[in-house]
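User: I would like to learn how to read aromatic pairs and packed helices in a model. Please start with a single residue.

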Amino acid sequence: MLSSAVRLTETRNSLEGKLIKLLIVESPAKATTIKRYLGEDFEVLASYGHVRDLPSRDGAVDPEQNFAMTYELNEGSEKHVNNIIRAAKKADMIYLATDLDREGEAISWHIYEILREQGLTETTPFRRVEFSEITQKAIRDAVDNPRELSMDLVNAQQARRALDHLVGFNLSPLLWKKIQPGLSAGRVQSPALRMIVEREREIEAFEPQEYWSVEADMNHDERDFISRLVTLDQERLKQFDINNADQAGGVRERLLAATGGKLEVSRVTRKQRKRRPAPPFITSTLQQDASRKLRFTAQRTMRTAQALYEGVSIDGVSQGLITYMRTDSVHLSNDALADLRGQIQSIYGDDYLPDKPLAYKTKAKNAQEAHEAIRPTSAALKPGDLKSVLSDDQFRLYELIWKRAMACQMANALIDTVQVEFDVDDATFRANGSVVAFPGFLAVYEESTSEDEKKAESSLPDMNEGDVVTIKDIRADQHFTEPPPRFSEASLVKALEEFGIGRPSTYASIIQTLVRRRYVELDRRRFIPTDTGRVVARFLELHFHPYVDYEFTARMEDELDAISRGEEDWIPPLKEFWDPFIRRVKEKEETVSRKEAKLTRVLGTDPKSGREVSVRLGRFGPHAQIGTVEEEEKPKFAGLRPGQRLETITLEEALELFKLPRDLGFTPEGEAVSASIGRFGPYIRYGNKFVSLKEADPHTVQLSEALELIAAKKQADLDKIIRTWDDSDVQIVKGRWGPFITDGNKNARMPKDREPEDMTLAECEELLAAAPDKKSRRGRKKAAKKTAASKTAKKKASKKKAAKKKASKKKASRKKTAKKKAAAKTESADSPSA
């Protein structure tokens, strides 16, 4: 694809002299840094990410035409693309230096295709370069050792994009039609949602089991320690062997009597174990560690890592601090190993440096070993030395990466462990202790361990067989088994990776989508599925099970990996997926009712009216309903309370919801006070005014609480008033954008050159008379839609006009060229030589 153009240009430039080289990267921050490394011979431009993509409409992928894909320039890309085209026309050599993953390869290919359409690829050589760090050596090595575009990687990305597009544009409209507008489904997003919903079901179905532990508080050589009962009646004690208070109390009394306040050491076992350092970070482990230790979201981690990779200004010069952060390889280059080992020896000494570099095996099936793990570009750039030039987030993340990379090449930690056992009356107590004999890698990496993860190392007093220790007390403690924990970002990323679902580089956007669609909520950094999320997950499980099946999704990832390795063509897997998928979509569109899709549960009958009581997901969220739309009498609706779920709410709980609005009494001014739930949540009504109930429950709130809220609201309203007039409803009040005039029915702007104190009542009334009438909410929406439609129409007309102008210019140019050619022919025919 590139070789003929290379030869042509090399021949041309051997005659003409100096090469003009254009290098294209994704980010302007990178462009600035790289330009400094390459010098005046190069022009470095940024594509600003993806330049082309499938348009957001159905039909962009055509399965009937071998999955032909119609690409369009992304919004805002035209300017950057035009800059690249202009520079490319002047260039004698073009280097495509986008990121070194599939996405980066695809961006390079899109740029190549755009320039091919401009007729530039036949005359100008294109070379693909890749680097995993933005340092002078890495950039120079990459430019000196270019390669061809990898169509295997490009096709793998195209197949992934086509799959995601086909799933989204066929499944999402079905969700809108059957459940509610604005929902979405995705090839990776939906299995991730299913994972969260299944965990919630496990928690709800969990039944705690009681068990008891027996521990002895001991003392030896004036040091307290604890031992635990591990055998009873010469049998190893299992978790549920002691499962009630009477049994536990009996064991305690028996052992207290048998010990008589003293116990002899029966056995002492001393061992030394090695603790090996963790491998350097890959994308997923970085996201997990940053979540646990720094409390960063996956998105925040990737955004901060991107900034560290692209370059930070140090002494006025931009410098990349870490290697590329989208990787699934734990490989480290020889240069990196030498760098890290040199710093370890310099800072910690020979004892902390292993005889040879430590090697780690990459778990990911398709990890590209030529790529590197995430590490500092130079271990000599210590976090403390950079603190003044980094933001707080950048410093904390860089410190985590630096420490993990250093630790991964340090000596093992040595832990001395001791186990002491005490026999008494066919039972055994055991005490365990450990102490760090040699810190090894823990000297650097222990500091970055989060407080809640730190395990206190318990040390024991020195004891030998035959020593007698004092028993201060024996305790029997009650416990209950706990349900599995809800997923955090770190544990969800780990689970997705273990199942082989998606890729680490996509996890941040998947999680963001689940939150944005309100499929999940975050409570104390744990994911709780909303009723909307549960309804969508249940619908997909029931009707599209293969496509939310973890193994199916993982197999699709394996196929995409096989395409990227060149082992498989990209069309057959798409066809194999598409044919059964679209048949199922069409079938479910016909056979599944909205009632079934919305998880409608009939709970029973209302004892007062005899009408059906049900719960379902409505346009504004989950609600209970008395009656059906088929009946002559309109149904009654009531929103669910916080914590209530469509799948678990009972008839009694649902009927309680219809006791709203609750009359609470009156304000001191005689206004009726009531509590209820509306479209925007719970509220208190007083007279014709409302105040939001943010904390209290409308089913239980008391008049005294409501009056406090009303008083606060009235005071807040009074605080807004700047100016009033006796015997008039006209006021000047504080608004979000400054003071304005109102009489309760109309609002008018304050003149810019006037102060509220200077305004007269007559002036205010005149401004109000000239002001437009207030529009209803519906009217405002209609007007907004009209304005948006008008803007869209103008935009389309402008594009059409520009296209027409362009076409007209081209036509004129062609005519001009044709005339010139004709004139040239005539001149040639009339010349003496002819």
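Analyst: In this predicted model, Phe499 is partly exposed, with a relative accessible area of 40%, whereas Tyr550 is buried, at 10%. Buried means under 20% relative accessible area, exposed over 50%, and partly exposed in between (1.4 Å probe, protein chains only). Residues are numbered from 1 along each chain as its sequence is written, and side-chain values use heavy atoms, without hydrogens and water. Because the model is predicted, local features need pLDDT of at least 70, side-chain atom pairs count only at pLDDT 80 or more, and totals for chains, interfaces and linings use all residues.

User: How many aromatic pairs does a search of the whole structure find?

Analyst: A pair of aromatic rings is described by the distance of the centres and the angle of the planes. The search of the whole structure gives 18 such pairs. Rings of Phe, Tyr and Trp (its six-membered ring) pair if their centres lie within 6.5 Å; planes under 30 degrees apart are stacked, over 60 edge-to-face, and the rest tilted. The ring centres of Phe499 and Tyr550 are 4.8 Å apart with planes at 45°, so this pair is tilted.

User: At what angle do helix α6 and helix α20 pack?

Analyst: Two packed helices are described by the angle between their axes and the distance between the axes. Helix α6 (residues 151–178) and helix α20 (residues 571–591) pack at about 5°, their axes 11 Å apart. Therefore α6 is roughly parallel to α20, a term for angles under 35 degrees; over 145 is roughly antiparallel, 65 to 115 roughly perpendicular, and the rest oblique. Helices (H or I, at least four residues) are DSSP runs, numbered from the N terminus. Axes are lines fitted to C-alpha atoms, for helices over the stretch in contact, and angles run from 0 to 180 degrees between N-to-C directions.

Definitions and conventions. Helix = DSSP H or I, 4+ residues; strand = E, 2+ residues; numbered from the N terminus.
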